[in-house]
Amino acid sequence: MSAAPPPKNSSLSPAHGAEGGLNARHWLSKIHALAFDRPVKIMNVCGGHERAITHAGLRGALPAWLELVPGPGCPVCICPEEDIYQAIQLALQDKVILLAYGDMLRVPVNVAKGEVRSLIEAQAAGADVRPIASPIEARKIALDNPGRPVVFFAAGFETTTAPLAAMLAEMKLPSPASGGGGPNNLSILLSGRLTWPAVAMLLHSGRPGFDALIAPGHVSAVMGPEEWQFVVDQHNIPAAVAGFTPESLLAAFYSVLRQLESGERFLDNCYREVVMPGGNPTGRRLMAATLDVVDANWRGIGVIPASGYALKPAFARYDARKRYPDHSAPGRRRAGEMPPGCDCAEVVLGRRYPNQCRLYGRACTPRHPVGPCMVSDEGACRIWWAGGVEADLTA
């Protein structure tokens, strides 16, 4: 994979960060002082990291030998197409109040021309589809509408799954408002995923496509940085947890580059003000109490073992998959896949840069997205487009 052009905005803030009071220029100078006679690829897993990298113009400020590869850190991008289709049909056919995080409303599914292809189109067709920002809103909407069924389409990684687990645990407790437990009219269509198994899959594939890893800060804040120790121990690849400022990201880049240069290998934590050993004990306890880890499908990629969440049997009464018909419609063409011509899965796996997708900037733009990577603010294609990266006409 050849280097792609950096975003046009390449200024760096001189503000001091929390990492020892050292600013971005300090870390840039230390990185430029390193000498590598070969290309080095660092994968940043988190979509938030990719957004921070692009908006700060870090690619344009780093040495030419260093490539930053976006990884599988966008939950909207990998959410199974069939789950989105199910949510659309629940809103249209079962007349539920369908709740979802805002980005999910615009993700297209593969249907025949003229059919409803996204939740926002379902809303335009008369379905009651509402964007929300937290599970607490879902519970409140259910309590405010006791005579109507409410389904919360909960897609996301560990950072949004932990609050969902907290709500589920609370709903299991007696509640005068609902006669015991949570609102009886609330169901969860869960499409939660764990982040690390996708990286493990890449590393076991024989062609991971990167020399070092930047681990996601918010996921590590919940699950603990130790979750990424396998990258070092099993694959001898440097890794560092980073925050979302240029200072923290550049400190993490320097850490893994120094490891490559010196031959040392360890897991560094460059986001110590937020990420603590063991993560968030309460969040992890609630997730373990309410959710099972299961094999799960990733859109365009396939099933990754032990990479998804499912409600425990004790919470089956809130499971939308058990309470409503399965609208999977096996006759749909390309069910579960990316749209024709869309290279989003290759982008998610770090095997193709966003602007090397055949549709990027041509048929696929944020205003008219074809694939999910152009929808979310954590999708690499959307981020690169917002950063001014034009289509690679040689792709």
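Proline 149 sits in the loop that links α7 (135-144) to β5 (150-156). In this predicted model, proline 149 has a relative accessible area of 29%, and it is therefore classed as partly exposed, a class that lies between the 20% and 50% cut-offs. Leaving aside residues up to four places away in sequence, proline 149 is in contact with Lys95, Val96, Ile97, Asn185 and Tyr324. Aspartate 295 lies 146 residues from proline 149 along the chain, and 28 Å separates the C-alpha atoms of the two.

Attention can now turn to a pair of helices. Helix α1 (residues 24-32) and helix α12 (residues 246-262) have axes that come within 8 Å and cross at roughly 20°. Because angles under 35 degrees count as roughly parallel, α1 is described as roughly parallel to α12. The crossing of α1 past α12 is left-handed. On the α1 side, the contact is formed by Ala24, Trp27, Leu28, Lys30 and Ile31; on the α12 side, the residues are Pro246, Glu247, Leu250, Ala251, Phe253, Tyr254 and Leu257. Sorted by class, this contact comprises 10 nonpolar and two charged residues, with no polar ones.

The largest nonpolar core holds 74 residues, and the members that touch the most others are Leu98, Met104, Leu119, Phe153 and Leu213. Helix α5 (residues 81-92) supplies the largest share of this core, six residues. Another core, of 31 residues, lies apart from it and includes Ala52, Ile53, Trp65 and Leu66. Beyond residues up to four places away in sequence, leucine 213 touches Met43, Val45, Val199, Trp228, Val231, Ile237, Pro238, Ala239, Ala240 and Val256.

Technical notes: Residues numbered from 1 in each chain as written. Predicted model: local features only at pLDDT ≥ 70, side-chain atom pairs only at ≥ 80, totals over all residues. Heavy atoms only, no water. Core = buried A, V, L, I, M, F, W, Y, C linked by side-chain atoms within 4.5 Å. Buried < 20%, exposed > 50% of the residue type's maximum accessible area, 1.4 Å probe, protein only. Helix = DSSP H or I, 4+ residues; strand = E, 2+ residues; numbered from the N terminus. Contact = heavy atoms within 4.5 Å. Axes fitted to C-alpha atoms, helices over the stretch in contact; angles between N-to-C directions. Parallel < 35°, antiparallel > 145°, perpendicular 65-115°, else oblique. Left-handed = near helix turned anticlockwise from the far one by under 90°. Nonpolar A, V, L, I, M, F, W, Y, C, P; charged D, E, K, R; others polar.
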